[in-house]
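Dear colleague,

Please find below the sequence and structure that I am handing over to you. My notes on what was found follow.

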Amino acid sequence: MSTGKDRQRQLAREHYERQMQRRVERETKAKRTAVIGSTVGVLVVVGGVIAAVTLLGGGDDTSASETPSAAPSASASAVAGPKPFDPATGECGYLADTSGTVKDVGLPPAKAEAKDATMTLKTSQGDIVVELNGVKAPCTVNSLKHLAAKKYYNGSKCHRLGSAQFPMLQCGDPTAKADGKAQGDGQGGPGYRLAEENLEGATYKRGVMAMAKTSEPGTTGSQFFLVFGDIGLSPDYTPVGTITKGLDILDKVNKAGVITPGPDGTGAPKETVEIKDVTISAKS
């Protein structure tokens, strides 16, 4: 016959087991999740070991990190987010955002064509060609067209190469030095942000180009990542296109490794990838 003390011990044991189960679930979730940011702070990759520290005002996630992402600003989540594409008017809602290190090229035109396009990144390692999905991500493609026309990416260097657990190359910060020394790499943005698109059923497999963002919604900017493996990210980052040429370049850069690995294994690539020019044309 059980006593009151036996019952207390049983309850204490069950409570401890529940605590352990919740802890395991949290740790598992932390390893799965990736925070891909691109507007204001340091682009970090979540899903690995140690979180990247946000450099600009009030980053909200300093936990394990292995995902391309930019740190949010203190004001980024305090105001209303950018409006998504409106099929009735064909317009996008871009929101001015001066946090971070801004290369100001003005806002994109509100009117966007929901049509596919072809983007060619002319880099120091060769051409990378991406088929952009303007039907499902019209505002994102419209933004990329604007940035390309303004030569925003010209002369910029891809600043973050992922680890084996996070196979991606992150680019799009025009202020990044990508020398393995600069602490501010990943803070550059275009002075505006937009809503995420094409998230339903999104996966990040080899050949995907997706946009970086912070952990907050509506923080997509200019930074993007090119996937050369399979990444188990949550569907929070706009998959904007498919790489049709240049995966061999990404494989070569990945093989060379990083200059100075961070705690999560990512860092500036040894093989410099400088974007010389970006052109976007209508898909024939």
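Is Gly-155 buried, partly exposed or exposed? With a relative accessibility of 42%, Gly-155 counts as partly exposed (buried means under 20% relative accessible area, exposed over 50%, and partly exposed in between, with a 1.4 Å probe and protein chains only). Gly-155 belongs to the loop between α2 and β5 (helices, H or I of at least four residues, and strands, E of at least two, are DSSP runs numbered from the N terminus). Beyond its neighbours within four places in sequence, Gly-155 is in contact with Glu-274, Ile-275 and Lys-276, where contact means heavy atoms within 4.5 Å. Between Gly-155 and Ile-275 the C-alpha to C-alpha distance is 5.5 Å, although they are 120 residues apart in sequence.

Basis and confidence

The model is predicted: local features need pLDDT of at least 70 and side-chain atom pairs count only at pLDDT 80 or more, while totals for chains, interfaces and linings use all residues. Residues are numbered from 1 along each chain as its sequence is written, and side-chain values use heavy atoms, with hydrogens and water left out. The mean pLDDT of the protein is 82, and 74% of its residues reach 70 or more; pLDDT is the predictor's confidence in each residue, from 0 to 100. Over residues 27-65 pLDDT stays under 50, and the model has 172 contacts beyond four places in sequence for them. Residues 71-78 also stay under 50, with 21 such contacts. Where pLDDT is low, the predicted coordinates should not be read in detail.

Sheet and helices

An open sheet is formed by 9 strands in the order β5-β13-β3-β4-β12-β10-β11-β7-β6, with antiparallel pairing; two strands pair if DSSP finds at least two bridges between them. The edge strands, β5 (156-157) and β6, each pair on one side only. Helix α2 packs on this sheet, touching β3 (117-123), β4, β10, β12 and β13, and its direction makes about 125° with that of β13. Axes are lines fitted to C-alpha atoms, for helices over the stretch in contact, and angles run from 0 to 180 degrees between N-to-C directions. Helix α3 lies across β4, β6, β7, β11 and β12, and runs at about 125° to β4.

Strand β10 (residues 208-211) is joined to β11 by 3 bridges, with Phe-224 in β11 as the bridge partner of Met-211. Strand β10 is also joined to β12 (residues 239-245) by 3 bridges, again antiparallel; here Val-208 has Thr-242 as its bridge partner. Strand β7 (residues 168-171) pairs with β11 in the antiparallel sense over 4 bridges, and Met-168 is bridged to Val-227. From β11 (residues 224-227), Phe-224 and Leu-226 point one way, Phe-225 and Val-227 point the other way, and all are buried.

Nonpolar cores

A nonpolar core is a set of buried Ala, Val, Leu, Ile, Met, Phe, Trp, Tyr and Cys residues joined through side-chain atoms within 4.5 Å. The largest core has 37 residues, of which Ile-128, Tyr-153, Met-209, Phe-224 and Val-240 touch the most other members. Its largest share, 5 residues, comes from helix α2 (residues 138-149). Apart from this core lies another, of 11 residues, including Phe-166, Met-168, Phe-225 and Leu-233. Not counting residues up to four places away in sequence, Tyr-153 touches Leu-144, Leu-147, Gly-172, Ser-222, Phe-224, Ile-275 and Val-278.

Thr-140 is found in helix α2 and is buried, with a relative accessible area of 1%. Its contacts beyond four places in sequence are Leu-194, Glu-197, Met-211, Thr-238 and Val-240.

Salt bridges

Side chains of opposite charge can pair when their charged atoms come close. The structure holds 7 salt bridges, each being a side-chain nitrogen of Lys or Arg within 4 Å of a carboxyl oxygen of Asp or Glu. Arg-160 forms one with Asp-264, the closest N and O atoms being 2.9 Å apart. This pair links Arg-160 in strand β6 (residues 160-161) to Asp-264 in the loop between α3 (247-256) and β13, 104 residues apart. Both Arg-160 and Asp-264 are buried. Glu-131 forms a salt bridge with Lys-283, with closest N and O atoms 3.9 Å apart. Lys-283 is partly exposed, with a relative accessible area of 47%. A further salt bridge joins the side chains of Glu-274 and Lys-276 (3.7 Å, N to O); Lys-276 counts as partly exposed at 46% relative accessibility.

Yours sincerely
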